[in-house]
Amino acid sequence: MLNLFNIEAKMSGLVTQNVQCPCCWETFEAVIDCSVEQQEYVEDCYVCCRPLIFRVVSDGETVTDIAVDSENE
């Protein structure tokens, strides 16, 4: 079966990445925009809802480096 979401996501530069929350230690799937080579933004943990700082480096197609820290660190 063809997954249209994955095709559309790859065409738009979006990829999913498993990350671990530094607050509750749960792992969740985050959607990353690889069209921006270096970015820093705040997104809430999907499990504990605490704000997390995402620092992402990409090559335009894939995530080459990602760091997730608590906003309070």
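Is Cys24 buried, partly exposed or exposed? Cys24 is partly exposed, with a relative accessible area of 23%, where buried means under 20%, exposed over 50% and partly exposed in between, taken with a 1.4 Å probe and protein chains only.

Before I go on, please keep in mind that this is a predicted model, in which local features need pLDDT of at least 70 and side-chain atom pairs count only at pLDDT 80 or more, while totals for chains, interfaces and linings use all residues. Residues are numbered from 1 along each chain as its sequence is written, and side-chain values use heavy atoms, with hydrogens and water left out.

Let me stay with the cysteines. The structure holds zero disulfides, a disulfide being a pair of cysteine sulfur atoms within 2.5 Å. For Cys24, the nearest cysteine sulfur is that of Cys21, 3.8 Å away. Cys48, which is partly exposed at 24%, has its closest cysteine sulfur in Cys45, and because that distance is 3.8 Å, the two are too far apart for a bond.

Now to the strands, which are DSSP runs of E with at least two residues, numbered from the N terminus, and which pair if DSSP finds at least two bridges between them. Three of them form an open sheet in the order β3-β4-β5, with antiparallel pairing. The edges are β3 (38-44) and β5 (63-70), each with a single partner strand, so one side of each is left without a neighbour in the sheet. Between β3 and β4 (residues 51-58), which run antiparallel, there are seven bridges, and Glu40 stands opposite Arg55 in β4.

Key:
Helices (H or I, at least four residues) and strands (E, at least two) are DSSP runs, numbered from the N terminus.
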